[in-house]
Amino acid sequence: SLSDRLTATFKNLRGKGRLSEADVDATVREIRRALLDADVAVPVVREFTASIRERALGAEVAAALNPAQQIVKIVNEELKDILGGATRRIRFAKNPPTVIMLAGLQGAGKTTLAGKLGKWLAAQGHKPLLVAADLQRPNAVTQLQIVGQRAGVKVYAPHPGTTSETDVPTGNPVQVARDGVTEARNKLHDVVIIDTAGRLGVDAEMMQQAADIRTATRPDEVLFVIDAMIGQDAVNTALAFQEGVAFTGVVLSKLDGDARGGAALSVASVTGQPVMFASTGEGLDDFELFHPDRMAGRILDMGDVLSLIEQAERSWDKAEADRMAKKFADQEDFTFEDFLAQMQQIRKMGSMKKMLMMMPGAAGIREQLENFDEREIDRVEAIVRSMTPHERVAPKIINGSRRARIARGSGVTVSEVNQLMERFTQAQKMMKQMARGGGVPGMPGMAG
Ligand code: GDP
Ligand code: MG
């Protein structure tokens with residue numbers, strides 16, 4: 001899978017201090033193969049990898065990130081960008097009704113979406129009307145009527161639905177669509193959702209009909225519904241519909257299958273239109289707002305690692321990290337003053353425990369993590385503050401009687417002071433590794 005590929009690639013990058021051109025090229029090659037496997041269209045892959053390469057080569061080395069994390073971050077950001085950045089919501093008309101037209105190939109999921117969208121909007125206090133402007137497919141009107149009934153939403157269908165699979169409804173779909181909008185205005189529906197016909201493949205007649213419906217109803221949104229499993233055909237289909245009906249947003253359906261999101265990336269990339277909704281099943285509630293960031297995560301399948309990286313980056317004080325790196329490069333000793341500073345950093349990073357627990361590879365240190373208690377930081381601070389300035393910078397002098405004094409001063413037992421001394425020694429070692437690897441302790445891909 002894409003995720004496995006990228007993970008393997010990133011593994012090769014572990015422990016490298018910065019990105020060389022060869023590293024970047026090797027990684028980009030893997031990303032290219034992985035995206036193609038995920039069914040992202042070839043031209044999209046080409047453009048995407050070119051921009052990843054450019055960014056990775058020009059990337060500034062962030063203090064809190066190692067090279068592997070940097071590439072993940074870049075890939076994630078680019079994916080998010082292509083998918084439309086922030087979640088795009090429906091643009092409602094200033095003067096209702098808001099007209100939403102659905103377009104797409106037959107079987108894409110338009111009629112199902114009409115019900116889902118209707119139910120979702122009704123739950124938000126809207127009063128939607130579904131309009132049956134698909135007079136092409138046998139049973140299409142009946143299907144919308146059933147969907148509307150289940151969704152608890154009114155359906156406009158002037159021509160009686162057919163009951164036979166072969167009996168095609170009659171009437172002019174453009175006229176039905178236009179009348180549907182009028183009906184909505186008269187009956188005070190504030191949203192109209194127009195279901196239209198599709199063909200198995202793009203054809204001129206179908207596209208003309210969709211374009212005519214668009215012209216007749218002047219929709220506020222034209223949603224292009226596409227089956228996420230469509231694969232490499234996504235690009236041509238999307239371009240045809242963009243030219244034919246100039247859609248304003250994309251709905252990805254059948255995301256409950258094992259499509260890895262390649263179609264989302266392809267469509268959004270070649271048309272520049274955002275994915276707005278995701279359909280994730282046959283049920284009317286299997287529908288959600290599309291979140292580019294989550295899809296980027298799904299494509300990468302790196303789970304919480306991405307948010308961890310962002311969190312670490314936000315909270316890791318670059319100046320402090322640089323100071324530490326320099327300190328160890330200069331072979332200086334790690335002192336209790338440094339230890340205190342590190343504690344402050346950890347505090348800033350929020351719940352260190354929760355964070356570390358989310359990481360793949362945390363298994364090895366899980367036991368230690370289970371025992372990590374943030375109140376412990378308070379106790380540690382109290383102990384360090386009970387040390388004299390000299391003791392803090394020269395911990396070796398802290399003998400038994402000093403430990404007893406420190407314990408009394410901070411209200412802990414001598415054994416707790418002993419434990420801290422032990423931990424401090426470990427931290428010293430860890431800081432030396434950090435100075436070499438340039439990463440945050442415990443982060444995936446961290447050297448040592
Ligand atoms: P239309 O021809 O574009 O109107 O497509 P339909 O709404 O009739 O859907 C075609 C088929 O796909 C139906 O059997 C739907 O139940 C099914 N379907 C639609 N959306 C989804 C989805 O998100 N997931 C799954 N698994 N099936 C879906
Ligand atoms: Mg339909």
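**The sheet and a helix**

Strand E1 (residues 98-103) and strand E4 (residues 191-196) run parallel and are joined by four bridges. Strands here are DSSP runs of at least two residues, helices are H or I runs of at least four, and both are numbered from the N terminus. Two strands pair if DSSP finds at least two bridges between them. Ile-100 has Ile-193 in E4 as its bridge partner.

Before going on, this is a predicted model: local features need pLDDT of at least 70, side-chain atom pairs count only at pLDDT 80 or more, and totals for chains, interfaces and linings use all residues. Residues are numbered from 1 along each chain as its sequence is written, and chains are lettered from A and ligands numbered from 1 in the order in which they are written.

Now the whole sheet. It is open, has eight strands in the order E3-E2-E4-E1-E5-E6-E7-E8, and its pairing is mixed. Strand E3 (154-156) and strand E8 (287-289) each have a single partner strand, so one side of each is left without a neighbour in the sheet.

On to helix H3. Buried in H3 are Val-44, Val-45, Phe-48, Thr-49, Ile-52 and Ala-56; buried means 20 or more other C-beta atoms within 10 Å of the residue's own, exposed means 12 or fewer, partly exposed is in between, and C-beta atoms are placed from the backbone. The face turned away from that buried side carries the exposed residues Pro-43, Arg-46, Ala-50 and Gly-58.
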